[in-house]
Amino acid sequence: MNSVNPKALLHSKWTKQQVENKEKHFVVTEVEFNENKKVVHCVIQAVISHNEYDINWRDLKNSKLWRQGWV
């Protein structure tokens, strides 16, 4: 399990364990918090294609899906 701090999500780098559409490396480009400082919206962008995807930030904790950093 990856440890993910919501305050440090923005601009963090991630490697997807199962490559899809030749997209492997990603950067978190947008994080939105509510008034209780809980993450309500997170966007991750593929480095090569620049495609953006809405993601549940808690999915990044799953080491079967994501690895922190670029590997």
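1. Phe26, Tyr53 and Trp66 form one aromatic cluster. The model is a predicted one. Two aromatic pairs occur in the structure. In one of them, Phe26 and Trp66, the ring centres are 5.3 Å apart and the planes stand at 80 degrees, so this pair counts as edge-to-face. Phe26 belongs to strand β2 and Trp66 to strand β5 (residues 66-68), so the pair ties together parts 40 residues apart in sequence. Phe26 and Trp66 are both buried.

2. Next, the core. The largest nonpolar core counts 14 residues. Leu9, Trp14, Val28, Cys42, Ile44, Leu60 and Trp66 have the most contacts inside it. Two elements, β2 (23-33) and β3 (39-46), each give two or more residues to this core. Strand β3 supplies the largest share, four residues.

3. Which residues does Leu60 touch, leaving aside neighbours within four places in sequence? Its contacts are Asn2, Val4, Leu9, Trp14, Val28, Ile44, Ile55 and Trp66.

4. His41 is placed in strand β3. Is His41 buried or partly exposed? Its relative accessibility is 25%, so His41 counts as partly exposed. Beyond its neighbours within four places in sequence, His41 is in contact with Glu30, Val31, Glu32 and Asp54. With Asp54 there is a polar contact, side chain to side chain, at 3.5 Å. From Trp14, His41 is 27 residues away in sequence and 17 Å away in space, C-alpha to C-alpha.

5. One more ring deserves a look. The charged end of Lys13 sits over the ring of Trp70, 4.8 Å from the ring's centre.

Key:
Residues numbered from 1 in each chain as written. Predicted model: local features only at pLDDT ≥ 70, side-chain atom pairs only at ≥ 80, totals over all residues. Heavy atoms only, no water. Core = buried A, V, L, I, M, F, W, Y, C linked by side-chain atoms within 4.5 Å. Buried < 20%, exposed > 50% of the residue type's maximum accessible area, 1.4 Å probe, protein only. Contact = heavy atoms within 4.5 Å. Polar contact = N/O pair within 3.5 Å; in protein donor to acceptor, adjacent residues only side chain to side chain. Phe/Tyr/Trp six-rings, centres within 6.5 Å; stacked < 30°, edge-to-face > 60°. Lys NZ or Arg CZ within 6 Å of the ring centre and 35° of its normal.
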